[in-house]
Amino acid sequence: MLINASTVTASEPIKIGFVVKQPEEPWFQDEWKFAEIAAKEKGFTLVKIAAQSGEKVMSAIDNLSAQKAQGFVICTPDVKLGPGIVAKAKADGLKMMTVDDRLVDGAGKPIESVPYMGISASNIGKQVGESIASEAKRRGWDLKEVGAINVSFDQLPTSHDRTASAAEALVAAGLPRANVINAPEAKTDTENAFNAANIALTKNPQFKHWVAFGLNDEAVLGAVRAAEGRGINTQNMIGVGVGGSDSALNEFKKPAPTGFFGTVIISPKRHGQETSELVYEWIKTGKEPPLLTLTSGALATRADANQVREKLGLTAAK
Ligand code: GLA
């Protein structure tokens with residue numbers, strides 16, 4: 001009998017993996033929570049897997065195949081693993097959709113044949129830069145006296161695009177380009193961002209005020225903490241992150257405002273629930289997800305984070 005491997009028979013239970021690069025980060029926990037909502041609503045089994053290295057990604061895919069999953073969503077720990085991941089998924093007969101970080105080929109070009117949902121990185125970076133600039137102006141700062149910490153992670157294209165656009169927006173608002181201090185982080189977490197920002201601060205004692213931006217909330221929190229360590233507090237720091245998960249929300253819950261001024265809230269609902277649903281439909285009906293979906297973000301500060309989250313439908317998974 002000929003079996004069409006691309007769709008499943010009605011009786012076969014559907015099982016979908018959701019592989020993430022950094023399980024301890026609240027953003028990824030939120031993605032998983034929303035993926036669970038999709039699993040409950042659609043009636044499939046969700047397998048959550050943490051894969052912090054290429055080796056773990058490869059064994060995760062084999063593992064999913066061994067337990068008869070038909071597909072998975074993945075945010076890879078390294079986009080350069082692209083061709084290897086594509087080959088492995090194909091060899092194991094699994095449908096794959098990528099989320100957050102888009103796979104690249106050997107030449108560093110996006111692998112466009114794999115369905116991907118990510119944030120519109122340049123637009124969101126621009127929103128970050130513009131909101132920092134407008135708050136600096138509101139405070140009456142002379143932008144010549146402002147140092148801007150760019151907590152960068154340029155090997156990840158979505159990070160490069162976010163931070164480059166934030167820097168551009170600040171320069172367009174009048175910040176001298178030389179005031180943008182590159183602070184490359186070795187890993188994308190708060191500790192590494194803290195270390196990177198500390199070096200930037202030490203080397204640049206000439207500035208009166210500081211602002212900070214980066215790939216995500218963790219990057220900006222690292223910079224804010226480093227500044228606090230040097231006595232640069234709320235009045236002299238404007239940090240705006242990207243994310244809007246617990247890292248940012250906990251900061252807003254502190255009794256007094258900190259240098260973490262705001263965040264552009266993005267949607268773990270779309271990235272977790274919608275991607276899982278798309279893979280589910282793909283398995284069930286053979287309908288492939290769109291190859292490229294870019295989601296938007298909304299700026300939130302301490303004053304309105306809860307309302308913005310509610311508007312984006314993000315309170316369901318809490
Ligand atoms: C990257 C970052 C995460 C999050 C997602 C959003 O994966 O590492 O912190 O910002 O993008 O797509």
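## Around the ligand

A polar contact is a pair of N or O atoms within 3.5 Å; within protein, one must be able to donate a hydrogen and the other to accept it, and residues adjacent in sequence count only if both atoms are side-chain atoms. For Glu25, a side-chain N or O atom is 2.5 Å from a ligand oxygen atom, and for Asp101 a polar side-chain atom lies 2.7 Å from an oxygen atom of the ligand.

## About the model

This is a predicted model, in which local features need pLDDT of at least 70, side-chain atom pairs count only at pLDDT 80 or more, and totals for chains, interfaces and linings use all residues. Residues are numbered from 1 along each chain as its sequence is written, and side-chain values use heavy atoms, with hydrogens and water left out.

## Contacts of Leu170

Now let us visit Leu170. Setting aside neighbours within four places in sequence, Leu170 is in contact (heavy atoms within 4.5 Å) with Gly129, Ile132, Ala133, Ala148, Leu175, Val211 and Phe213.

## Helix H3

Helices (H or I, at least four residues) and strands (E, at least two) are DSSP runs, numbered from the N terminus. In helix H3 (residues 82-91), the buried residues are Gly82, Ile85 and Ala89; buried means under 20% relative accessible area, exposed over 50%, partly exposed in between (1.4 Å probe, protein chains only). Helix H2 (54-66), strand E3 (71-74) and strand E4 (95-99) are among what covers them. The face of H3 turned away from its buried side carries exposed Lys90 and Ala91. After H3 comes Gly93, with a positive phi near 70°.
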